[in-house]
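Here is a brief report on one protein model.

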Amino acid sequence: MTAAPPVGSASTVAEHRVQRGETLALIARRHGTDYQTLARLNGLQPPYTIYPGQTLRLPGAVAGVAPGGPSPPAGGWTWPTAGVTRRGYSAAHGGNKGLDIAGQIGQPVRAAAAGTVMYAGNGLPQYGNLLIVKHNDDYLSAYGHLQRIAVAEGSVVSQGQVIASMGSPGDGRGLLHFEIRLRGQPIDPASVLPPSGR
């Protein structure tokens, strides 16, 4: 019902844009498959966390439908906050899917690139207060463990704009969990962020 239109005349419906409140199992049932198949197709690992605005490939999708490589956000990337990277990205099963940046509780968290706020809330307990910003059809960024969220869903934000303040994962220390997702899959933010600004 919320799937993207077919890409190419011979392909089946290839993608589904995740809506708020949807689960992987619900999406799988709607498209006549099971959640394990959908998870494998999209490289998702337990607990199969998905985000509003994320694009999922569906069974029958044509490989390589997107022409060319991914398009970086307009203006590129900048670090979302000042601090020291306490824990880096790991592609291993159960590994950290972003960067944990240590700082002071209450310090500004800024949009790493211009985009539109797709989610603002605390519906995913492991992330605490969470913001997700869509930058283009390829990239999303996520900001977790926030103390205060300063923007609403649907807001258009500019690169470097203060969108929140740093909170804590519950140990009393300031920390921002920051992810960048390429077509729904987590990548190492350090691979696209500028070398300075840690």
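Threonine 55 sits in strand E2, which covers residues 55-57. The model is a predicted one. Is threonine 55 buried or exposed? Its relative accessibility is 17%, so threonine 55 counts as buried; the cut-off for buried is under 20%. The side chain of threonine 55 makes a polar contact of 3.0 Å with the side chain of arginine 17. Leaving out residues up to four places away in sequence, threonine 55 touches Glu15, His16, Arg17, Asn42, Arg183 and Gly184.

## Strand E6 and its partners

Strand E6 spans residues 115-121 and is mostly covered. Of its 7 residues, 5 are buried. Which strands does E6 join through bridges? One is strand E9 (residues 156-157), which runs antiparallel to E6 and is joined to it by 2 bridges. Here threonine 116 stands opposite valine 156. Another is strand E7 (residues 129-134), also antiparallel, with 5 bridges to E6. Glycine 121 stands opposite leucine 130 in E7.

## Nonpolar cores

The largest nonpolar core has 25 residues. Val109, Leu131, Tyr143, Ile163 and Phe178 have the most contacts inside this core. Which elements give two or more residues to it? They are strand E4 (99-103), E6, E7, strand E8 (139-149), strand E10 (162-166) and strand E11 (174-182). Another core lies apart from it and has 10 residues, among them Ala39, Leu44, Ile50 and Leu58.

Isoleucine 163 belongs to the largest core. Not counting residues up to four places away in sequence, isoleucine 163 touches Val109, Arg110, Ala111, Leu131, Tyr143, Ile149, Ala150, Val151 and Val157.

## Salt bridges

The structure holds 7 salt bridges. The table gives some of them.

| Salt bridge | Closest N to O distance |
|---|---|
| Arginine 20 and glutamate 153 | 2.5 Å |
| Aspartate 171 and arginine 86 | 3.9 Å |

Take arginine 20 and glutamate 153, which form a salt bridge. Arginine 20 lies in the loop between strand E1 (15-17) and helix H1 (24-30), and glutamate 153 in the loop between E8 and E9, so the pair ties together parts that are 133 residues apart in sequence. Arginine 20 is exposed, at a relative accessible area of 53%. Glutamate 153 counts as partly exposed, at 34% relative accessibility.

Aspartate 171 also forms a salt bridge with arginine 86. This pair links distant parts of the chain, 85 residues apart. Aspartate 171 is in the loop between E10 and E11, while arginine 86 is in strand E3 (residues 84-87). Aspartate 171 counts as partly exposed, with 41% relative accessibility. Arginine 86 is partly exposed too, with a relative accessible area of 37%. Which residues are linked in a network of salt bridges? They are Arg86, Asp171 and Arg173.

## Glutamine 104

Glutamine 104 has its place in the loop between E4 and strand E5 (108-110). At 57% relative accessibility, glutamine 104 counts as exposed. Glutamine 104 and glycine 83 are 21 residues apart in sequence, and their C-alpha atoms are 8.3 Å apart in space. Glutamine 104 touches Met166 and Gly174, with residues up to four places away in sequence not counted.

## Aromatic pairs

How many aromatic pairs are there? The count comes to 4. Tyrosine 35 and tyrosine 48 form an edge-to-face pair, 5.6 Å centre to centre with 70° between the planes. Tyrosine 35 lies in helix H2 (residues 35-41) and tyrosine 48 in the loop between H2 and E2, so the pair ties together parts that are 13 residues apart in sequence. Tyrosine 35 is partly exposed, at a relative accessible area of 35%. Tyrosine 48 counts as partly exposed, at 27% relative accessibility.

Why is the pair of tryptophan 77 and tyrosine 139 edge-to-face? The ring centres are 5.5 Å apart and the planes stand at 80°, so the pair is edge-to-face; the cut-off for that class is over 60 degrees. Tryptophan 77 lies in the loop between E2 and E3 and tyrosine 139 in strand E8, so the pair ties together parts that are 62 residues apart in sequence. Both tryptophan 77 and tyrosine 139 are buried.

Key. Residues are numbered from 1 along each chain as its sequence is written. Side-chain values use heavy atoms; hydrogens and water are left out. Helices (H or I, at least four residues) and strands (E, at least two) are DSSP runs, numbered from the N terminus. Buried means under 20% relative accessible area, exposed over 50%, partly exposed in between (1.4 Å probe, protein chains only). A polar contact is a pair of N or O atoms within 3.5 Å; within protein, one must be able to donate a hydrogen and the other to accept it, and residues adjacent in sequence count only if both atoms are side-chain atoms. Contact means heavy atoms within 4.5 Å. Two strands pair if DSSP finds at least two bridges between them. A nonpolar core is a set of buried Ala, Val, Leu, Ile, Met, Phe, Trp, Tyr and Cys residues joined through side-chain atoms within 4.5 Å. A salt bridge is a side-chain nitrogen of Lys or Arg within 4 Å of a carboxyl oxygen of Asp or Glu. Rings of Phe, Tyr and Trp (its six-membered ring) pair if their centres lie within 6.5 Å; planes under 30 degrees apart count as stacked, over 60 as edge-to-face and the rest as tilted.
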